[in-house]
Amino acid sequence: MYKTASSSASSILRAASSRLFPPSLARSAAAASLPKTSPSLTSHRSFGFSSAVRSLRCSSPRWSHGVDWRSPLSLRAQIRAVSPVLERFRRKIATMASENPFKENLTSLPKPGGGEFGKFYSLPSLNDPRIDKLPYSIRILLESAIRNCDNFQVKKEDVEKIIDWENSSPKQVEIPFKPARVLLQDFTGVPAVVDLACMRDALNKLGSDSNKINPLVPVDLVIDHSVQVDVTRSENAVHANMELEFQRNMERFAFLKWGSTAFRNMLVVPPGSGIVHQVNLEYLGRVVFNTEGLLYPDSVVGTDSHTTMIDGLGVAGWGVGGIEAEAAMLGQPMSMVLPGVVGFKLSGKLRDGVTATDLVLTVTQMLRKHGVVGKFVEFHGDGMGKLSLADRATIANMSPEYGATMGFFPVDHVTLQYLKLTGRSDETVAMIEAYLRANNLFVDYNEPQQERVYSSYLQLDLADVEPCISGPKRPHDRVPLKEMKADWHSCLDNKVGFKGFAIPKETQDKVAKFSFHGQPAELKHGSVVIAAITSCTNTSNPSVMLGAGLVAKKACELGLQVKPWVKTSLAPGSGVVTKYLLQSGLQKYLNEQGFSIVGYGCTTCIGNSGDLDESVASAISENDIVAAAVLSGNRNFEGRVHALTRANYLASPPLVVAYALAGTVDIDFEKEPIGTGKDGKSVYFRDIWPSTEEIAEAVQSSVLPEMFKSTYEAITKGNPMWNDLSVPTATLYSWDPNSTYIHEPPYFKDMTLDPPGAHGVKDAYCLLNFGDSITTDHISPAGSIHRDSPAAKYLLDRGVDRKDFNSYGSRRGNDEVMARGTFANIRIVNKLLNGEVGPKTVHIPTGEKLYVFDAATIFLQQDIFIRKDNICDLKYLLFMDATLTVKIMRYKASGQDTIVLAGAEYGSGSSRDWAAKGPMLLGVKAVIAKSFERIHRSNLVGMGIIPLCFKSGEDADTLGLTGHERYTIDLPSNISEIRPGQDVTVTTDTGKSFTCTARFDTEVELAYFNHGGILQYVLRNLSKH
């Protein structure tokens, strides 16, 4: 139940104060009087918004965002003593309700039985016919601008830009946006909390109040990225994997638990609870907020790119970089370009046997071809009624794969049914429906639809979708199931690339025979060695999960069995999945096929697939087998799933089971049998594939509201391992210099109150020269730590055994590890290496081939004896005195700038914040690419790196750039002389000159660049107030 205030006028005043009061003053004032948040998850934390005068305690249930009002009298006295400027802020707060230009649009929402739900800023009351034509996703931006309009942070001109979206969007205009909340997972959440802790220290050093660093919007952090598939095919797998998870991550988990107590307004959901996006969909998503009687749409930004999954629930949400999220937590309005919206009309219904996964892979391919980077996609049409909420969430989830900021499904009757199914109360659902209908944010397909205007249009008849998978190296490389065998053989033939492995014809039929625990076994090119039902994309969808169970059941009944050397696993996104698989009686058949539950969290999809059996790994490596993984995930980029699976295919959970049974991707399911049944007859794909009706019956009888209620009532209680963690109570973190998990980053070292200013780049060397589609999985450390890598050496030097390396993701709180893992992907292709694949580069001045980290920073450290009159013959010797430690430096240490050359779609994928932080730590000053992925470009700016785009039709190859040149980028030193999107001249020492576009897309981004990064910008602003 939502908590409402007795006086809506006072609630408006309190909401107003959050928008006009300086965030730093808000937090410092609040810090003196607010009670400390309880470390126990059973004592619910506040979801209140930015305000200088609110208490952040919360005594109401999980969706209540109740806050207390404190008398502002003493605070006002403090303000007057500080500054006349702050006194003006006080007066602004006191008169905010009368100063909002849209105060007349504040409307009461009555309850059917009397009284009111609360008040809201009414879009219909604006009486502007342009609003009726706006896409629903843009209306949510409009409501936010109107509600927050104060002609201070959000101006009336911003509201007009959004209302006039049809004309203003093509002009790439900038608008401010304030999300209602922030969502984190532990991989990206740990560095965010590390940065917050480090910012507290920095404020102390600048002579300011460290308690200014506190989240001012609700922050939910779900620990889901740390579990690995170490134990499988065992009833004890969940417990065994969780024990190993805690052993590896005890320090990280304790740090996060400390953060949940040290920072107000932060909820940490313990390990073993589920995948962040499924928990968000089933539990955390509000759809509509009711904060002390003020109603407004839920909206969220998250540090995981698949935050977009919540768009399927009608909640506007998308992924941002960790550094952007941190700024949003600290009360900074987000600056964004008003996006275009692609209208995607759906009609008809899916054919029998076709899954939501088949649909999303089809949609992904269509949208990639259409081009939707930086845009919203809004789904509409008669076909919407034929898609369940879970199907919609599957499509929304893969927005990053098709490149859109959002894949949005407006709220309709299907949404309301899902809210009730998942345990939201009838009163809450009634309030949500009443508000959205009253504010023209609800779609009723039973009523005539007014034509909405979109930037461009697409259409799909759901009946045209056919079974398919995607791969072997990219999510948008869709392959119809009937063409899979032919496509596989083409991949074997083709030269190395996204669709090629260059396997000679004479070795394509090679058979690698080996012994698997005493049992004869063999592998061929295309043999499946990993089959994983994993990822938020699919495990939140009961139809495909129960469909997988039905495939397993039919296979068991026919006598088929998955080969024991196939590493099978099932990692549900929440405990609800286990409940309905048990209710249906299908879990036992999945267990028989090896798909026992291994844990609740992201596993194989993010590279946490665990080791392959040594005999399997040896057979692959020694025979150069192109082994395959089939997973129900959303990412299959090279090197992501497992270092030994060069072919990785995305498939629906039922298809994962089918391919596991077949044991190979080199099969035509229509013509070739999957195996031989217990009666000696061939068993075909059609014999084990369930009908749509069978699946629907299983869903109807097995997925029950009580399952959601009981699961999420227990989620805040934690588990014994989590509850036993003891953490300090101090609000400043005590950094352990010997820790290899949590390390104080150097971002604010020697920082002063004055910004460093804008800068160009002079005589920079090229660190790396890339082609197209370099993803953040190539750039950012992800997956396992290779035994010979610089990161491995760092850990070994500090006494960490190889078995305890853990993954890069688990060590994101340590900048030393992450810098060494940047550009360390074993499948990365760097043109400087002339065709060689791997994490190395050429140090241009010497021609040496080195690991990227070694080339960029320290190559060697050794003790040598040096006499003043005897200079040793070392290329980079800089010291001439007694016995001392000499660091042989490369680019960064010798003061030499570096740049990166790249092709199209640079930075697509996840692992976002370290894909910008890592290059910055390596000394990269600029990236020159054909095009950038939206979030990655923004993150580069946020870390002070200059993003430049080649002009249309040009790239490094057409300009004759080899990467062996030195580059000078001519940018003014005065930030006022730089404009978003302006042309910049780049020259080389070989006499070449070309023009690029500076991809600072907004004035706010220029401000970040001027300060050296977004966090420095925030810190200086907090310190000045």
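Reply: Helices (H or I, at least four residues) and strands (E, at least two) are DSSP runs, numbered from the N terminus. By that rule, the chain has 37 helices and 38 strands. This is a predicted model, in which local features need pLDDT of at least 70 and side-chain atom pairs count only at pLDDT 80 or more, while totals for chains, interfaces and linings use all residues. Residues are numbered from 1 along each chain as its sequence is written, and side-chain values use heavy atoms, with hydrogens and water left out.

Me: What percentage of the 1025 residues in the chain is buried?

Reply: Buried means under 20% relative accessible area, exposed over 50%, and partly exposed in between, with a 1.4 Å probe and protein chains only. Here, 63% of the 1025 residues are buried. As for contacts (heavy atoms within 4.5 Å), residues 24 or more positions apart supply 75% of those with a separation of 6 or more.

Me: How is the packing of two helices described, and at what angle do the axes of H21 and H25 cross?

Reply: Two packed helices are described by the angle between their axes and the distance between the axes. Axes are lines fitted to C-alpha atoms, for helices over the stretch in contact, and angles run from 0 to 180 degrees between N-to-C directions. The axes of H21 (residues 542-558) and H25 (residues 653-662) cross at roughly 30° and come within 7 Å. H21 is therefore roughly parallel to H25; angles under 35 degrees count as roughly parallel, over 145 as roughly antiparallel, 65 to 115 as roughly perpendicular and the rest as oblique. Among the residues making the contact are Val 544, Gly 547 and Val 551 of H21 and Pro 653, Val 657 and Leu 661 of H25. By class, eleven residues of this contact are nonpolar, one is polar and none is charged. In this scheme Ala, Val, Leu, Ile, Met, Phe, Trp, Tyr, Cys and Pro count as nonpolar, Asp, Glu, Lys and Arg as charged, and the others, Gly among them, as polar.

Me: How are H10 and H34 oriented to each other?

Reply: H10 (residues 186-205) packs with H34 (residues 912-921) at an angle of about 55°, the axes being 9 Å apart. The two helices are therefore oblique to each other. Thr 188, Pro 191 and Asp 195 of H10 meet Asp 913, Trp 914 and Lys 917 of H34. These divide into two nonpolar, one polar and three charged residues.

Me: Is Asp 186 buried or exposed?

Reply: Asp 186 is buried, with a relative accessible area of 0%. His 225 lies 39 residues away in sequence, yet the C-alpha to C-alpha distance is 6.1 Å. Beyond neighbours within four places in sequence, the contacts of Asp 186 include Leu 221, Asp 224, His 225 and Arg 252.

Me: In what order do the seven strands close into a barrel?

Reply: Strands of a sheet pair through backbone hydrogen bonds, either parallel or antiparallel. Two strands pair if DSSP finds at least two bridges between them. In this barrel the order is E28-E33-E34-E35-E38-E37-E36, with mixed pairing. Neighbouring strands are turned by 40° against each other on average, direction ignored. Strands E33 (residues 898-901) and E34 (residues 924-929) run parallel and are joined by four bridges; Leu 901 has Ile 928 as its bridge partner in E34.

Me: How many residues of H35 are buried?

Reply: Eight of the nine residues of H35 (residues 934-942) are buried, including Ile 935, Arg 937 and Leu 940. Just after H35, Gly 944 adopts a positive phi of about 85°.
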